[in-house]
Amino acid sequence: MTQTNPFDDVPGTTLFDAQRSRQGYHLNMFCMSLMKPENRALFKQDEAAYLQQWPMTQRQREAVLKRDWNRMIELGGNIYFLAKIFSTDGLSFQDVAAVMTGCTPEQYARMMLNGGRPIEGNRSNSEHKNRG
Amino acid sequence: MAKIVASVNCSHVPAIGAAWDLGKTDTPYWAPVFKGFDFSKKWIADLRPDVIILVYNDHASAFSVELIPTFALGCAGEFKPADEGWGPRPVPVVQGHPVLAAHIAQSVILDEFDLTIVNKMDVDHGLTVPLTLMFGQPKEWPCKIIPLAVNVVQYPPPTGNRCYNLGKAIKKAVDSFPEDLRVVIFGTGGMSHQLQGQRAGLINAAFDERLLDNLSKNPQEVAGIPFIEYFREAGSEGIEMVMWLIARGALETAVREVYRFYHVPASNTALGHLILENDSFSRT
């Protein structure tokens with residue numbers, strides 16, 4: 001990873017590569033466990049105790065307990081795996097996208113109905129900073 | 001002889017499946033989405049394919065971070081709908097075509113595409129949502145379906161060019177299958193969308209329209225789009241569009257665009273849909 005990595009220049013976007021996949025391995029495997037209804041029930045019963053069964057870092061566990069999606073992604077979580085957590089919570093991709101972007105669900109829904117987040121101003125970090 | 005005669009490209013947004021399953025197809029939000037497939041439903045019912053090769057990506061359902069095949073061909077007799085965290089979708093079990101699938105696997109591997117053979121796999125919304133859009137909800141899906149799962153979750157996914165060429169190898173494989181079968185290939189996913197981080201909700205209609213325009217006439221140009229361009233211009237999940245190139249590669253050079261539909265938004269996504277038929281194909 002060098003400063004010239006073009007992926008790092010895309011604002012608000014994380015590349016899920018092999019390195020992140022290794023970092024997030026146990027976090028993502030915990031998410032996979034929630035595909036079984038009996039595990040979802042156990043998780044809901046005592047989230048902290050359930051998370052202790054997985055050899056992930058304490059920071060990863062805290063991010064799960066706080067439902068800090070951006071932090072989970074930063075710590076190696078992938079959105080399709082994290083989807084198992086928010087599906088267990090009864091939330092949709094759109095609900096969680098609103099949280100990740102710091103909007104209310106209504107604001108986010110309105111942005112999408114108006115054609116989504118525009119590409120102009122969102123291609124690169126420099127363009128992002130300079131947008132009007 | 002077996003023959004791939006047409007391709008169907010479409011997005012596979014999970015919320016579309018949920019809208020269907022919860023009976024929300026007539027709501028103001030979803031009605032335009034489902035209406036966009038009225039033509040397509042009739043088209044495919046008239047075409048009556050024997051087999052669909054369905055190119056899609058698994059979303060951490062059958063494949064976790066334990067095993068990440070770049071291309072995985074479903075060779076089983078059946079594939080059950082996956083439990084993605086809210087229970088399996090109430091859709092029919094997918095019936096495969098193990099004989100054709102094994103033939104395709106053998107042919108493309110000898111053609112140097114080293115895909116993974118899968119004999120047990122649950123299929124998630126990536127595969128079932130396009131079927132819902134095209135067929136509604138029959139008791140059984142009306143034809144055999146061969147799943148082809150492509151890794152677009154962990155970087156690097158296969159390049160557009162690799163996908164396009166795999167499509168060509170699949171065409172060659174199907175062409176050499178002795179049984180008379182009418183085959184349609186689906187390339188699903190896309191179009192521009194981003195589900196993660198502060199840039200979630202990104203839509204780039206200009207990028208999408210250019211791809212829709214070029215897929216029929218200039219597929220080589222689409223095949224040349226590098227990963228970074230999808231990532232930056234079409235959102236981190238826009239890379240799913242490389243799967244459209246597998247379907248395009250499996251058609252002949254000369255194709256006709258039969259139908260196109262584009263709609264924003266479907267949840268976080270720009271929904272794109274395209275039907276192409278080989279120019280040489282005539283139903284009579």
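## A tour of chains A and B

Begin with the contact between the two chains, to which chain A contributes 44 residues and chain B contributes 34 residues. To display the chain A side, select helices H1 (18-23), H2 (25-33), H6 (69-74), H7 (79-88), H8 (93-100) and H9 (105-113), each of which supplies at least two of the residues that touch chain B. Colouring the chain A side by residue class shows 25 nonpolar, 15 polar and four charged residues. The model is a predicted one, and this should be kept in mind at every stop.

**Chain A: two domains**

Next, colour chain A by domain: domain 1 covers 15-90 and domain 2 covers 101-132. The C-alpha centres of these two domains of chain A are 27 Å apart.

Within chain A, select Arg67(A), in the loop that runs between helix H5 (58-66) and H6 of chain A.

**Chain B: the overall fold**

Along the principal axes, the C-alpha atoms of chain B fill a box of roughly 50 × 45 × 40 Å. Of the 284 residues in chain B, 56% are buried. Among the contacts in chain B with a separation of 6 or more, 83% join residues 24 or more positions apart.

**The nonpolar core**

Which residues touch the most other members of the largest nonpolar core? Select Ile53(B), Leu54(B) and Val55(B); the core to which they belong has 126 residues. This core also draws at least three residues from each of domain 1 (15-90) and domain 2 (101-132) of chain A. In soluble globular proteins, nonpolar side chains tend to be buried together.

Centre the view on Leu54(B). Leaving aside residues up to four places away in sequence, Leu54(B) touches Leu127(B), Pro130(B), Ile145(B), Ile146(B), Pro147(B), Leu148(B) and Phe186(B).

Move to the loop between strand E7 (144-150) and H6 of chain B, where Pro156(B) is found. The peptide bond joining Tyr155(B) and Pro156(B) is cis, with omega about 0°.

Continue to H6(B) itself, residues 160-175. This helix of 16 residues reaches 23 Å from its first C-alpha to its last, close to the 22 Å expected at 1.5 Å a residue. Which residues of H6(B) are buried? They are Gly160(B), Cys163(B), Tyr164(B), Leu166(B), Gly167(B), Ala169(B), Ile170(B), Ala173(B) and Val174(B). An α-helix has 3.6 residues a turn, so residues three or four places apart point the same way.

**Two further loops of chain B**

Select Met191(B), in the loop between strand E8 (182-188) and helix H7 (205-217) of chain B. Here the peptide bond from Gly190(B) to Met191(B) is cis, and omega is near -5°.

The last stop is Ser267(B), in the loop between strand E9 (255-266) and strand E10 (269-278) of chain B. Ser267(B) is not a glycine, yet its phi is positive, at about 60°. Is Ser267(B) buried or exposed? Ser267(B) has 24 C-beta neighbours inside 10 Å and so counts as buried.

Conventions. Residues numbered from 1 in each chain as written. Chains lettered and ligands numbered in written order. Predicted model: local features only at pLDDT ≥ 70, side-chain atom pairs only at ≥ 80, totals over all residues. Domains from an automatic or database assignment. Helix = DSSP H or I, 4+ residues; strand = E, 2+ residues; numbered from the N terminus. Expected span 1.5 Å × (residues − 1). Buried ≥ 20, exposed ≤ 12 C-beta atoms within 10 Å, placed from the backbone. Contact = placed C-beta atoms within 7 Å. Nonpolar A, V, L, I, M, F, W, Y, C, P; charged D, E, K, R; others polar. Core = buried A, V, L, I, M, F, W, Y, C linked by C-beta atoms within 7 Å.
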